[in-house]
Structures are given as structure tokens and as C-alpha cells.
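Work through the exercises below with the sequence and the coordinates open. Try each task before reading its solution.

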Amino acid sequence: IDVPKATEPRGDSDGPRRGSLCDRHCAAINNVQGDLGDLGCHLYHPRVPPAVSPPLCCQQHSEEVCESCMVKTTLTAENVVEANKLSNNYKFGFKKWKSHVTARPWEDRSEIVKELYSDLNVIRGSGGSTVTCGNVLYLLLFGWWLSFLYVLVAAMMFITVVGAPYGRLCWDLAGYFLWPFGKVIQKVEVPKSRRALGACEAGTEASGAGETSALLGGPVPRRWRPWCWADAGHWQCAGTVAWLCLGYPALVLAHGLVCVTAWLLVFLIPVAKLSARTTTRVLLLPPERVLVRRLKMTEVPLEGEVILCCYRAVNPYYYKYAVDGINVFAVNLLPLVLVTLVLGYVDSHNSLTSSPVKFTLALLSIMPLSYYIGMAIASISAQSNFAVGAVVNATFGSITELTFYITALIKGSREGNRCYAEIVKSALTGTLVGCVLFVPGLCMVIGGIRHQEQRFNSRSAGVSSALLFLSVGGVFAPTLFSKVYGKLVCGECHNVTQNPLGHYLCHNCHFDLMENNGTLYYSHVQPLVYTVSLLLPAAYLIGLFFTLKTHSHIYDIHISGCHMPGHHHSAVVHWSRWRALVILLLSTLCMSACADLATEHISPILTNSTISQYFIGVTVLAMVPELPEIVNGIQFALQNNLSLSIEIGNCIAVQVCMLQIPILVLFTIFYPTNFTLVFSDLHVYASMFSVVLMNYIFMDGKCDYFQGTVLVMVYFILLAVYFFAPSPSGC
């Protein structure tokens with residue numbers, strides 16, 4: 001498995017630290033693994049039992065030597081491309097990607113994964129009872145009405161007389177599809193003596209002046225034989241013509257419906273395979289060559305090709321299923337993008353659907369597009385050098401969020417509505433808070449269910465934390481400056497004591513920066529905003545140079561691209577560089593279109609909804625585009641690689657402050673909008689508190705599910721605050 005393994009500190013119960021400098025030296029002295037030239041292949045692939053004690057030589061070394069290897073992380077990869085992808089995961093500023101960008105060797109896959117890609121034609125031994133919850137679900141969803149349809153088609157084929165063999169086949173298949181589990185459909189050979197004539201020899205033909213009949217001993221022309229078992233003449237039989245015209249189309253439609261429904265439900269993909277194979281193989285065979293029977297536990301299968309043999313309708317591991325390297329969920333959501341674009345631009349007057357429906361569809365369409373953009377970036381980076389990978393990640397790494405923000409600001413500027421700028425600020429804050437609290441917290445909770453305690457590289461997390469402190473301080477510096485020097489202005493005030501000198505209750509108060517023709521803003525706040533927008537990207541570049549060049553050893557990554565003896569594989573990439581580039585550009589264009597539709601149809605939601613606009617921006621608009629990243633983080637945490645789960649959230653938060661916000665400020669210079677880098681008090685307090693709490697939790701380099709629960713609970717408390725907060729002024 002190409003999952004990074006972070007080594008633990010040496011103790012009495014700990015096993016040897018594979019791949020560390022200490023182990024390499026020990027192996028060389030004890031001659032355990034052979035010469036140092038071949039040491040890498042053998043140190044990384046074998047799974048060393050945890051009970052194995054460290055070699056004797058490690059006990060002879062000083063603690064300083066072995067302590068230097070405590071944070072060593074070793075990675076295994078099948079080929080150079082996968083090695084580059086794994087290495088990029090640990091590079092600051094690069095998109096973290098869990099899935100493979102190359103095809104994995106079939107022999108290296110587990111039996112569970114191999115079963116996912118099977119063709120349902122393997123007869124297994126006794127696998128227990130076939131009465132399971134998943135099989136009962138199949139019976140309730142598909143089995144009963146599919147079986148009933150086969151009975152109706154069987155009756156219709158018997159009425160035609162010439163299609164009687166197909167009627168018997170449909171009758172057998174009716175029982176099969178009612179409960180197909182533990183049964184088998186085979187293609188059997190028909191004796192040559194039965195291939196010349198059909199099972200029934202009714203039918204006559206007039207030829208010239210005479211009349212011949214099979215009953216009278218005369219030959220029956222092939223084109224009028226009711227059915228012919230020879231493969232060459234099967235399609236010329238009258239029974240086959242009746243079957244293809246009357247019975248087969250109805251069953252194809254039914255199986256097509258079952259196939260599409262089961263495929264969209266993902267975990268019922270075995271049912272989709274069952275229907276697809278039935279349509280393309282079973283229903284096109286001559287009836288006499290199809291045998292349906294129930295398997296007994298001690299029965300030896302008959303001779304003949306097994307076409308279908310299914311034991312389970314539901315397989316929970318189908319979330320791992322991929323089509324050409326693309327996860328099945330991303331494949332299923334791709335038609336949603338097409339539906340969204342068609343409805344959004346064809347039905348411009350909302351005659352078919354309403355604006356809230358279009359907004360929801362546009363927002364959901366962003367998820368698969370984010371996945372395709374992420375996979376394209378990972379594929380290009382893994383197949384290119386460092387410079388190309390850095391440029392691609394810097395250019396398209398934040399394209400999903402920036403596309404939505406810019407389109408929202410443009411629409412708000414055209415309509416003169418300040419609410420869009422406030423929504424963008426809420427989404428920026430929501431992304432920052434969610435990636436600092438919710439993403440690592442959720443990964444800790446889910447990873448902690450499987451692993452009692454998880455460790456991560458506190459030094460690399462410290463770099464991200466330092467940049468996060470710097471970025472948050474820089475982003476909110478104009479806000480703090482405006483609150484110190486700005487003038488507090490309130491919309492309306494009421495005297496609650498009926499005394500001119502009494503107490504006043506004021507609403508819609510804010511700090512006015514435009515007093516005296518905006519002297520404070522244009523002379524002081526705006527120059528500060530531009531200064532911060534220049535310093536933050538500069539600090540980001542310094543962080544890249546620090547982590548990738550001068551101090552790359554803090555990650556202490558070593559990648560082994562070797563295989564066990566006899567296993568030699570070349571890289572078979574799912575997407576070539578050009579294909580990945582085309583998909584990246586197309587996904588970016590579709591993302592722009594979906595973002596435009598989302599901002600176009602968000603107005604009714606903002607004006608008619610009773611929910612605070614703060615809450616909409618912080619939750620829906622902020623976290624939906626990050627769902628693929630959240631899934632990647634959870635997968636890393638389940639593999640006990642919490643370092644990458646934390647880095648996913650930290651990198652997104654740092655990019656929000658150090659790249660996305662400066663880009664938005666730069667955009668407002670060339671295209672004036674209502675966006676100013678002055679946030680509300682709620683955004684400032686929530687962001688700063690989240691960053692401080694996150695750094696406190698990550699201080700010791702280890703965590704468990706309880707600490708993750710704390711982060712998640714704090715995140716939900718902040719969401720409750722945003723939910724009950726009044727809408728921002730101008731909305």
C-alpha cells in the first residue's frame with residue numbers, strides 16, 4: 001500500500017523504524033538485508049511485525065543517532081509517477097491527492113478490490129446464506145416488478161407460437177431475477193443433431209405451384225423456420241424476429257432503468273452489472289443455449305461458459321470503484337453539470353425550474369468539477385518537473401473559490417448591491433474557519449475511531465501555523481486599523497428611558513471610513529490594504545522557498561520506487577499531461593459557468609430567506625467547494641497519516657489569506673467593486689479564536705478523537721453564532 005508510514009519513537013514495545021538512518025546502519029552491520037545498494041527495496045515493502053525487536057546494533061548506538069530518525073517518513077510507490085505524486089503531497093503549496101494517478105498492478109490489489117471489478121461470472125464455494133439485508137433490498141426495489149415483467153413477456157411470446165422457446169426462457173428468467181442470488185446462468189452447447197431443426201416444426205410456405213411442409217417430409221426453407229439453433233441462422237428465424245420486435249425491447253428498457261438506478265446508488269453496482277450483462281449477453285443467445293439453475297453447495301458446475309453468477313446485491317466497498325481512475329461518485333455527478341448548464345442557460349425565464357433549484361444544482365455541480373480540477377493538477381504535477389508543478393498548483397489551486405468570488409463581486413458591482421461583497425467576505429471567513437477547525441477535527445474523529453492515538457510531524461505543522469498567524473494578522477490589520485481610527489455611525493437610535501440624557505439603543509452601527517470625503521479610507525486604510533496585499537504573497541513565496549528548498553529536511557521524506565523480486569511495472573497513467581490539461585481547462589470553464597449561475601440565482605435566497613446571509617456564506621458557499629479536499633483528508637486519516645489531513649486544512653486556510661484575498665484586492669483595482677478589506681467583528685473574532693485553538697491542539701504533535709471532537713464542537717458553536725446573527729448592513 002502506498003500509504004505513508006510515520007515512524008514512532010523507539011520504545012520497548014515499538015518495532016524497528018523502517019527506512020531510518022539508524023536501521024540502514026544496523027542492517028549493514030548485521031548483514032540482515034544485504035548490501036546498501038539494494039537495501040531500499042527490502043526495507044520498505046515487507047510488513048515487519050510490531051513484535052520484532054530492534055536489531056542489536058541499534059542498542060549499541062547513542063540515543064542522539066536514533067533520535068534523529070524519529071520523524072522519518074517512508075513512502076512506497078509502484079512507479080516514478082506515483083512517487084512524484086506522493087512527494088508532491090508533502091510539498092507546501094501543492095494540492096494533496098489521495099487517489100492514484102496511474103493504474104495499479106492487478107496482482108498488488110486486495111481481494112476486496114478485485115471483487116469490485118469482477119464480471120459476476122465466477123462460481124465460489126459456500127459463502128453462507130444469501131438472505132442478507134442488501135439482497136432483500138434488491139427484492140423490494142427491483143426483483144418483484146422485474147420478475148413480473150418477465151412473466152408478461154413470457155405470456156406474450158407463448159401467444160405468438162413461433163416465440164414459444166423465448167417464452168420458456170423468460171419464464172425461467174422470471175424466477176431468476178426474482179432472487180438471482182446463489183443461481184447461475186450458463187451458456188451450454190447444443191448437440192449437432194438438434195441444430196438442424198427447431199423444437200417445433202410448424203409452418204408452411206408456398207413455392208411456385210406446389211406446397212411443401214415439414215410434416216409431409218418436405219424441406220422447410222431456412223428463412224421460414226420458426227427457430228434455428230445454428231448460430232449462423234439464428235437471426236433469420238421467425239421466432240427470433242418476433243422476440244426482437246416484441247419481447248426484447250421492453251426488457252432492454254426495464255434493465256436499462258435498473259442499470260442506471262443501481263449505478264447511481266453506487267453500492268448497488270453489482271445489480272447494474274447483472275442487468276447490463278443480461279441485456280448484452282443472455283437475451284441475445286438462442287433460448288436452448290441458456291441454462292438457468294440453482295447452485296448447490298456440493299454440486300460440481302456443468303460444463304459450459306458461466307455468464308452470470310451473483311451472490312450479493314450490495315457491496316459497501318464500491319465507494320472505492322473507479323472508472324479510468326475517476327471515482328464513481330465523480331462519474332455519477334458529471335451528468336448533473338450538464339443538466340445545470342442546460343437548465344441555467346436555456347430556461348433563463350425560470351419557466352421549468354425556480355431560482356433556488358438552479359442555485360442548488362449549480363452549487364452541487366461545483367463538487368465534481370473540483371474533483372476533476374484536483375485530479376488534473378495532481379496528474380500534471382506528477383508527470384512534470386518541479387517548476388511546472390509549482391506553476392500549475394499556484395495558478396489553478398484556488399481557481400474554484402476565486403471563480404465564485406469574482407463572479408459574485410462583478411454581479412454586485414453591476415447591481416450596486418453591497419450584499420454580494422458581504423457574502424464573499426463571509427465565504428472567505430467560512431473557508432478559513434472550516435479548514436482550521438472542521439477539516440482537521442473531522443479527520444481526527446474519524447481517524448481516531450480506527451487508531452487510538454495519531455501522531456503527525458509537528459515541525460511541518462508549525463510552519464503552516466506560523467504562516468497562518470501571519471496571514472490572519474495581515475488580513476485583519478485594515479479592519480483593526482479602521483476600528484481604532486474610524487467614526488462609529490449608527491442607523492437609528494431610540495431613547496429607552498424617555499430622558500434626553502438617558503440611555504439610547506442604537507441599531508445598524510458601523511465604523512464610517514468615508515467621513516470628510518473618505519479621507520481616512522483613501523489616505524490611510526487603502527494604502528494599508530495594498531501594502532498588506534503585497535506582503536502576504538511575498539510571505540507565501542518565502543514559505544515555499546523555506547519548506548521546499550532550504551529546509552526541506554523537516555519533512556524527512558524518502559520514497560522507495562522498488563518492487564518485490566519478480567514484480568516490474570511501468571507507469572500506465574490514467575490521464576496523460578495533454579489530456580489532464582484539456583480536462584483542467586474544460587473543468588475551469590464549466591466551473592466559471594456554474595459559478596455565474598450560482599450568483600445569478602442567489603438573489604431570491606438572500607432576499608426571501610429568513611436565515612442570516614452570514615450563515616449562508618460561511619456554510620454553503622464556503623464548504624461545498626471544499627468537499628473533495630475533506631474526503632481526501634478523511635482517507636489520509638483512516639490510513640494513519642494525519643500529517644496530510646492537517647496540511648490539507650492549513651494549506652487551504654493559508655492560501656485564502658495569502659493568495660485569494662490579495663488577488664481579489666488586485667481585481668478591484670482593475671474592476672471597481674464594493675469589496676473592501678474591512679471585515680465585521682464577528683469574522684475577526686471567529687478567525688482569530690480558531691487559529692489560536694488550532695495551534696494549541698497541535699502543540700504536542702499527537703492527537704486523538706477527543707481533541708478532534710473539541711474542534712468540531714467549537715466549529716458548530718461558531719455556526720450557531722452565525723445562524724442567529726443579524727444580516728450584514730446592505731443586505
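**Exercise 1: Aromatic rings**

Ring pairs join Trp 97, Tyr 371, Tyr 372 and Trp 575 into a cluster. Rings of Phe, Tyr and Trp (its six-membered ring) pair if their centres lie within 6.5 Å; planes under 30 degrees apart count as stacked, over 60 as edge-to-face and the rest as tilted. This is a predicted model: local features need pLDDT of at least 70, side-chain atom pairs count only at pLDDT 80 or more, and totals for chains, interfaces and linings use all residues. Residues are numbered from 1 along each chain as its sequence is written, and side-chain values use heavy atoms, with hydrogens and water left out.

Task: find how many aromatic pairs the whole structure holds, then classify the pair of Tyr 138 and Phe 181.

Solution. 
1. The search of the whole structure gives 22 aromatic pairs.
2. For Tyr 138 and Phe 181, the ring centres are 5.4 Å apart and the planes stand at 80 degrees, so the pair is edge-to-face.
3. Tyr 138 sits in helix α7 (residues 133-159), and Phe 181 in the loop between α8 (164-178) and β3 (183-187). The pair therefore ties together parts 43 residues apart in sequence. Helices (H or I, at least four residues) and strands (E, at least two) are DSSP runs, numbered from the N terminus.
4. Tyr 138 and Phe 181 are both buried. Buried means under 20% relative accessible area, exposed over 50%, partly exposed in between (1.4 Å probe, protein chains only).

Solution. 
1. Phe 476 lies in the loop between α17 (458-475) and α18 (477-485), and Phe 679 in the loop between α25 (642-670) and α26 (681-697), so the pair ties together parts 203 residues apart in sequence.
2. Phe 476 and Phe 679 are buried.

**Exercise 2: Strand β7**

Task: describe the setting of β7 and its pairing with β3.

Solution. 
1. Of the 6 residues of β7, 5 are buried, so the strand is largely enclosed by the rest of the structure.
2. β3 and β7 pair in the antiparallel sense over 5 bridges. Two strands pair if DSSP finds at least two bridges between them.
3. Ile 185 stands opposite Leu 308 in β7.

**Exercise 3: Cysteines**

Task: count the disulfides (pairs of cysteine sulfur atoms within 2.5 Å), then check Cys 443 and Cys 594.

Solution. 
1. The count is 0 disulfides.
2. For Cys 443, the nearest cysteine sulfur is that of Cys 703, 9.8 Å away. Cys 443 is buried, with a relative accessible area of 0%.
3. For Cys 594, the nearest cysteine sulfur is that of Cys 590, 6.5 Å away. Cys 594 is also buried, at 0% relative accessibility.

**Exercise 4: Backbone angles**

Task: are Val 161 and Asp 324 buried, partly exposed or exposed, and what is the phi of each?

Solution. 
1. Most residues other than glycine have a negative phi.
2. Val 161 has a positive phi of about 65 degrees. Val 161 lies in the loop between α7 and α8 and is exposed, at 51% relative accessibility.
3. Asp 324 has a positive phi of about 55 degrees. Asp 324 lies in the loop between β8 and β9 (326-327) and is partly exposed, with a relative accessible area of 36%.

Methods
Disulfide = S-S within 2.5 Å.
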